[in-house]
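This report concerns the packing of helices in one protein model. Please consult the sequence and structure shown here.

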Amino acid sequence: MEGECRASQARSWGLPAGGAGGESPGGDAPLSGSISSSALLQAEVLDLDEDEDDLEVFSKDASLMDMNSFSPLMPTSPLSMINQVKFEDEPDLKDLFITVDEPESHVTTIETFITYRIITKTSRGEFDSSEFEVRRRYQDFLWLKEKLEEAHPTLVIPPLPEKFIVKGMVERFNDDFIETRRKALHRFLNRVADHPTLTFNEDFKIFLTAQAWEFSSHKKQGPGLLSRMGQSVRAVALSMRGVKSRPEEFMEMNNFIEIFSQKINLIDKISQRIYKEEREYLDEMKEYGPIHILWSASEEDLADTLKSVASCIDKCCKATEKWMSGFSEALLPVVHEYVLYSEMLMAVMKRRDQIQAELDSKVEALTSKKADTDLLTEEIGKLEDKVECANNALKADWERWKQNMQNDIKSAFTNMAEENILYYEQVTLVECSISDVLKTMKNSI
C-alpha cells in the first residue's frame, strides 16, 4: 500500500515512481534556513496602516514580491524542489484551450438562471475529439469544484466567484455582473487546465465534453445523501478533536495564510473603496461639461472659452473612464481572486488536519487497546500512507501556488502603475489646457 501511494503521488507530480529525490517517508522536519514564526510578524510587504482612511498602503521599502519579508521561509522538501524545477524549466506545451463565453438567460416556471458556453480545443489523445462545445450553469461549476476537492483534498483548487452578491450593490442578472462572473469562470477553468494534476481529472474531462443529458446522468452518480451526511458528521467530529502535533512546516504555512489573508483582504477593501470614490468623482465631473455648454449659450463673449472648458472636462472624463476600466480589469479581479484563494487555503489546511486527526485517533485507540489491535494496526498503516501522500501533495502544490501568486500580483500592480502614469500624463495635459483657457477668459474680462 505504501509503495502504491508513493508511486501514485510521484505520477501525480510528474516524478519517477522510485521517489522524490531520496526524501524519507514522513519527513516533516523543517530544513535549516527556515526562520521562526515570530519573524512572520515583522511584515513589511504590505505595510498597511490600521486606519481605514489611510491609503498609504505600501511602505517605502516594501515589495509585495518579497514574500519572505512577511512569511517564514517555507521548508522545501526534495519533492517540492524537483516539482518547482519541473515547472520552471519545462517549455510551455499547452494542449488544452478553454473559452467561456456567450452567457444565456433561461426562464422556467421554477427558476431563472444563466448558462455559459464552454468551448474546449485539445490535442490530447484521451479526448474523443479535438473540439467540444457545451453549456453549463453556475451550479455545474460548483459540482466540479466539489469533485476536485473530493479527489484531491490537499491540492490548492482554484476558487470560484461567490454564489451570492451583496444586496443593493448590483442586480443578480445585471450585464456587468454576468460579465464579471463569466470572466471569473473562464479563469477558474483555465487554472484547472494549467494545473499539472487537476487537468487530468476524469470529472473535469466529463465537465468539458459531456452533453447535457450525459452530464446530468453523471452528476447523479456517487454516494447518496445519507453517505454524504455521514462523511460530513465525521469531518466535523475530526475538526472538533483537532490535531495534537501539527508538523512545524505546516504551522508556518498556516501562519503565512493567516497573515496573507489579513493583508489581501485589506487591499481588496481599499481597492473597492478607491474604485467607488473614483466612480462618484466621474459622475459628478460629467455634469460640468453640459453646464458649461449651456452657459456658453447665454454668454456670447465667453462662448468659445466656455466651450473649450467643456471640451477639457470631456477629455478628463474620458481619461478617468479609461483609468477606471484598467483598474477594474487589471487589479480588482486579481486581488479579489486571491482573497478567495486565502479562504481556499484555509480549507485545504483543515482537510489536511482532518486526515492527520483520523490517524491520531487510531493510534490513540491502539495505545489504549480499545479495539482489535490487528485491525487497528492495518488501518494505521493505511492512514500513515494517506497522511504522507496528503502532506507531499500540499507541499509541492504550495510552492507552485506561491510562485503563481507572486507572478499574478506583481503583474497586476505593474500594469496598474503603467495605467496610472498614462492617466496622470493625460490629466496633466488637460489641466494645462484649462489653465490656458482660464487665462484667456480672465484677459477677456
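The model is predicted, with local features requiring pLDDT of at least 70 and side-chain atom pairs pLDDT 80 or more, while totals for chains, interfaces and linings use all residues. Residues are numbered from 1 along each chain as its sequence is written, and side-chain values use heavy atoms, without hydrogens or water.

## Helix H10

Helices are DSSP runs (H or I, at least four residues), numbered from the N terminus. H10 covers residues 303–368. Its 66 residues should span 98 Å at 1.5 Å a residue, and the end C-alpha atoms lie 95 Å apart, which agrees; the expected span is 1.5 Å times one less than the number of residues. H10 has a kink of about 35° centred on serine 328, the bend being the angle between axes fitted to the seven residues ending there and the seven starting there.

## H4 against H10

The axes of H4 (residues 175–194) and H10 come within 12 Å and cross at roughly 60°. Lys183, Arg187 and Arg191 of H4 are in contact with Glu329, Pro333, Glu337, Tyr338 and Tyr341 of H10 (heavy atoms within 4.5 Å). This contact comprises three nonpolar, no polar and five charged residues.

## H3 against H4

H3 (residues 138–151) and H4 have axes that come within 12 Å and cross at roughly 30°. H3 is therefore roughly parallel to H4. In H3, Tyr138, Phe141, Leu144, Lys145 and Leu148 meet Arg181, Leu185, Phe188, Leu189 and Val192 of H4. Eight nonpolar, no polar and two charged residues form this contact.

Note on methods: Axes are lines fitted to C-alpha atoms, for helices over the stretch in contact, and angles run from 0 to 180 degrees between N-to-C directions. Helices (H or I, at least four residues) and strands (E, at least two) are DSSP runs, numbered from the N terminus. Ala, Val, Leu, Ile, Met, Phe, Trp, Tyr, Cys and Pro count as nonpolar, Asp, Glu, Lys and Arg as charged, and the others, Gly among them, as polar. Angles under 35 degrees count as roughly parallel, over 145 as roughly antiparallel, 65 to 115 as roughly perpendicular and the rest as oblique.
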